[in-house]
Amino acid sequence: MSASRPAAPQVRGAQRAVLRIPPAVEALLIQCLACLLLFGGLHLLRLLLPSARLPLFAAACVQGMLAAWISSRRRQAAWWPWIHLVFLPLLLASLELHLPPALALAGFALLVSLYWSTFRTQVPLYLSGAAARKAVAAALPQGSLRFIDIGSGLGGMVLDLAARRPESRFEGIELAPLPWLASRLRQAMTGRGHFLRGDYHRLDLAQYDVVFAYLSPAAMPRLWEKAAAEMRAGSLLLSHEFTIPGVAPSFAEPTHPDGKMLYGWKLPGAGTTAAAVAVKKPRK
Ligand SMILES: C[S@@+](CC[C@H](N)C(=O)[O-])C[C@H]1O[C@@H](n2cnc3c(N)ncnc32)[C@H](O)[C@@H]1O
């Protein structure tokens, strides 16, 4: 970030996020709580019906259901209750199958290189798809420009736009090693796009005319602080699906029949953005 730029305005959502327990830690606590509840329930069952026995796998299923229920009560993201539901039963099943430890290690390494620091960023890998690529292409200003996809995943957005707009420069930055490697291979095969491996928070966004993000609700307040502090007047911040709390977009276009949208914020200039953009209403 350039030192001469004024500090970005504070966003209330960002302050709230700091006070929250990270979801991965919350998930661990939920698993522990579900185990405690299960042990308590089993103890009670033994007092009431001394001859009753619950098979181990059935007990694991009950623990999964308890954890999934707590997770949904805690309003964790939609995928967490499902993970809680199957975690212990799958762990038991894999132990029963006597899978070779190397297989478990390989699975773990694959997941780590795919998802890397998702527990910290709260941004897993999922792809925006063809409809979003078409909407982004339509939203790009005319003429030669420099574009970056911050969190470029497998590189699909960058490669698609580079094919549509050969006069412009399309870049992607990706934190997770495996998706980044896939995008570098695709770059080598097609001769299109440019891909960096790293954290977009370390980039100076002032270099770009258009910044595209498909991240998660948790990442948006911090992204806005950075964009507001760094992006040049007239440049464009695009976000697929996720809005910025408290900052109305300059425009919003549907990308999917299921209601997903592409949001755009036209930056009036570093340091002055929050108030100026917040009063604008989305264009229909
Ligand atoms: C939802 S995927 C979007 C992939 C791609 N942009 C698309 O539209 O299909 C988000 C990606 O952002 C990456 N990511 C998350 N935080 C990041 C960060 N701070 N810097 C760079 N990449 C990040 C994740 O690893 C993930 O691959």
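How many helices and how many strands does the secondary structure of the protein come to? It comes to eleven helices and seven strands, where helices (H or I, at least four residues) and strands (E, at least two) are DSSP runs numbered from the N terminus.

**View 1. The whole predicted model and its confidence.** This is a predicted model, in which local features need pLDDT of at least 70 and side-chain atom pairs count only at pLDDT 80 or more, while totals for chains, interfaces and linings use all residues. Residues are numbered from 1 along each chain as its sequence is written. The average pLDDT (the predictor's confidence in each residue, from 0 to 100) is 86 for the protein, and 87% of the residues score at least 70. Residues 1–18 stay under 50 in pLDDT, and for them the model has 35 contacts beyond four places in sequence, two residues being in contact if their C-beta atoms, placed from the backbone, lie within 7 Å. Residues 272–284 also stay under 50, with 22 contacts beyond four places in sequence. Among the contacts in the protein with a separation of 6 or more, 69% join residues 24 or more positions apart. Of the 284 residues, 32% are buried; a residue is buried if 20 or more other C-beta atoms lie within 10 Å of its own, exposed if 12 or fewer, and partly exposed in between, with C-beta atoms placed from the backbone.

**View 2. The spans annotated as transmembrane regions.** In the unreviewed UniProt entry, the annotation "transmembrane region" covers residues 21–45, 51–70 and 101–119; the positions are given in the numbering used here, feature names are shortened, and annotations may be inferred rather than shown by experiment. In the model, residues 21–45 are 92% helix and 0% strand, with end C-alpha atoms 33 Å apart. Residues 101–119 are 89% helix and 0% strand, and their end C-alpha atoms lie 24 Å apart.

View 3. Helix H2 (residues 23–48) has 26 residues and reaches 37 Å from its first C-alpha to its last, close to the 38 Å expected at 1.5 Å a residue, the expected span being 1.5 Å times one less than the number of residues. The buried residues of H2 are Ala 27, Ile 30, Gln 31, Ala 34 and Leu 38, and they pack against helix H3 (56–73) and helix H4 (79–96). An α-helix has 3.6 residues a turn, so residues three or four places apart point the same way.

**View 4. Leu 66 in helix H3.** Leu 66 lies in helix H3 and counts as buried because it has 21 C-beta neighbours inside 10 Å. Leaving aside residues up to four places away in sequence, Leu 66 touches Ala 34, Leu 37 and Leu 38. Leu 66 and Leu 37 are 29 residues apart in sequence, and their C-alpha atoms are 8.0 Å apart in space.

View 5. Most residues other than glycine have a negative phi. Arg 75, which is not a glycine, has a positive phi of about 55 degrees; it is found in the loop between H3 and H4 and counts as exposed because it has 8 C-beta neighbours inside 10 Å. His 98, also not a glycine, has a positive phi of about 50 degrees. His 98 lies in the loop between H4 and helix H5 (101–115), and it is exposed, with 7 other C-beta atoms within 10 Å.

**View 6. The shell around the ligand.** Of the 24 residues around the ligand, Val 123, Ser 128, Gly 151, Gly 153 and Leu 175 come nearest, where a residue is near a molecule if its C-beta atom, placed from the backbone, lies within 6 Å of it. The elements giving two or more residues to this shell are strand S1 (146–150), helix H8 (156–164) and strand S2 (169–174).

View 7. Helix H10 (residues 220–230) is mostly covered, since eight of its eleven residues are buried; among them are Met 220, Leu 223, Trp 224 and Lys 226. Pro 257 has its place in the loop between strand S6 (251–254) and strand S7 (261–266), and it is exposed, with 7 other C-beta atoms within 10 Å.
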